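Welcome to this tour. Please open the structure in your viewer and keep the selection tool ready.

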Amino acid sequence: MSPRHAAPSRLDGLTSWHADWSGLRVAVLGLGVTGFSVADTLAELGADVLVVAGTADDERAQLLPVIGARLVQGDLDEPPTELIEHDPELFIVSPGFAPRHPLVTWAAEQGIPIWGDIELAWRVRDKVGTPAEWIMVTGTNGKTTTVQLTAAMIQAGGARVAPCGNIGVPVLDAVRDPQGFDVFVVELSSYQLHYLGATDIDVSPLSAVCLNLANDHIDWHGSFEAYRDAKAVVYRNARVACVYNKADAATRTMVEDADVIEGARAIGFDLGVPGPSDLGIVDGILCDRAFLAERRSSALELTTLDELRSQGLDAPHIVANILAASALARSYDVPPEVIRDALREFSLDRHRIEVVLEQARIRWVDDSKATNPHAADASLAAFDSVVWLVGGLLKGVDIAPLVERHAGRLRGAVVLGVDREPVLEALRRHAPDVPVFEVDATETETVMTRAVDAAGEMAQAGDVVLLAPAAASMDQFASYAERGRQFAEAVTRTWGGGAGDGSEEPHRPAR
């Protein structure tokens, strides 16, 4: 390391909000929600903060000088002069920037310590008093739902809890909230875990889970192995429970290989009959055989599939999320009856297995948040006969295995998005008898109208018309939420005119 950079001893000592951060020269890469929270925190601590960003939201850019930070905006292929002159002692990277980004590479070559926002949050977590317990959640899919479920269960037990992290509320904002919390349930992306794993900071959660693992973000990490290794960081130094998916061998291996605090237990979950130290299902009852003394001979009832079905929470992957969340809540000593009560009040986020309309015994379901094949796989598996709205920005992912797996349940398929050809080819190869309609519209305003019209022509009584695109939305929509909103509006506009009790034939729009 160059002698002009901070001696390791100073950074090593910055493990509290109340340590001396004043004058520390810090460069923050990125000015999204996370980057701004980092800059705001460091400015409040008295550090000398320079934010470097390719693009920046106008409001955040205008706020930076108000909070006492500076902004350099422009081409990030080379370190800007202002960054070099700032001579940073610490470099904090927003999650979206890959380790091969030119500025991250530059910082590493200069010997500048590189942190993510999670490391900073852990170091300053004592701002408002006794630090909150951390419960950490990752996985390819289901993270947000599991975080929300866990937080709802813990809150129902009377604790002050903040769902935060990749869910949309930066951990640093939760840390600095003056009301204080007992528990943070932290959603962590593989990006955040990569930077956390690259440092020696001893983040030590109460409990942690990796829900599942599938090919995703390989372009960012460089390989599936690097992606897997980043996810595995979630279990490092866990103190009470390492919760894993018994149906996903990779998560079990992560737990077996994890360096944890002595006494931490491996807790499995799946949709089968639970063994001791597991959560699972027996005769339609969700059971805990992990957090009770008599776990070898008995179990605790959490809820039933019938109760979940009445609330639209019975899709298999949602039930799995509920079991994982229950395990995390039980690790915080939330009683089973409180978990049951919390589930009775819980509802899923918009655009996640959301029933938009049920008309003439046809259900229209918005799962626009299924932005990769792994998520779409879970969604398709929840229904027996499907007209599938699929496609978008595939980002190089092979969709053929997903089509092959679910060809037998497809009544029809409506293919949209910029990457239609790989989807069409997979359908020709693995589902040659399935009717297919290709939406070649490029105007956002017309895509969903045409897709919904085509799906309605294919659907029969008992079918589900399912928007589970298995692809990102940015090719034609501002976000997955916008894609789902336009789907719901098109469904309601075209098919929502009749009675909802299934007694009428659907109205077919004029062609």
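Predicted model: local features only at pLDDT ≥ 70, side-chain atom pairs only at ≥ 80, totals over all residues.

**Stop 1: a pair of rings**

Begin by selecting F91 and W106 and showing their side chains. This is one of the seven aromatic pairs that a search of the whole structure finds. How are the two rings arranged, in terms of their centres and planes? The centres are 6.5 Å apart and the planes stand at 65°, so the pair is edge-to-face. Now colour the chain by secondary structure: F91 belongs to strand β4 (residues 90-93), while W106 sits in helix α5 (residues 102-109). Is F91 buried or exposed? The answer is buried, at a relative accessible area of 1%. W106 counts as buried too, with 12% relative accessibility.

**Stop 2**

The relative accessibility of H101 is 17%, and because the cut-off for buried is under 20%, H101 counts as buried. Which residues does H101 touch, leaving aside those up to four places away in sequence? Show L29 and L76 to see these contacts.

**Stop 3: a cluster, and charges over rings**

Next, select W122, W134, F181 and F184 together; ring pairs link them into a cluster. For another example, move to F291, where the charged end of R265 sits over the ring, 5.6 Å from its centre.

**Stop 4**

Select strand β12 (residues 278-282) and strand β13 (residues 285-288), which run antiparallel and are joined by four bridges. Within them, find L279 and look across to D288 in β13, which stands opposite. How many residues lie between β12 and β13 in their hairpin? There are two, and D283 in the turn has a positive phi of about 50°. Now bring in strand β14 (residues 300-304), which pairs with β13 in the antiparallel sense over four bridges. To follow one of these links, select L286 and its bridge partner T303 in β14.

**Stop 5**

Select helix α7 (residues 143-156), which has 14 residues. From first C-alpha to last, α7 reaches 20 Å, close to the 20 Å expected at 1.5 Å a residue. This helix is mostly covered, with 11 of its 14 residues buried; V147, L149 and I154 are among them. What do the buried residues of α7 pack against? Their neighbours include strands β6 (133-138), β7 (161-165) and β8 (183-187), along with helix α14 (316-331). Just after α7, click on G158, which takes a positive phi of about 105°.

**Stop 6**

Finish by selecting helix α19 (residues 444-458), with 15 residues. α19 reaches 22 Å between its first and last C-alpha, close to the 21 Å expected at 1.5 Å a residue. Highlight some of its buried residues, including V447, M448, D453 and G456. Then show what the buried residues of α19 pack against, including strands β16 (362-366), β17 (386-390) and β18 (410-415), and helix α20 (480-495).

Note on methods. Residues numbered from 1 in each chain as written. Heavy atoms only, no water. Phe/Tyr/Trp six-rings, centres within 6.5 Å; stacked < 30°, edge-to-face > 60°. Buried < 20%, exposed > 50% of the residue type's maximum accessible area, 1.4 Å probe, protein only. Lys NZ or Arg CZ within 6 Å of the ring centre and 35° of its normal. Contact = heavy atoms within 4.5 Å. Pairing = 2+ DSSP bridges. Expected span 1.5 Å × (residues − 1).
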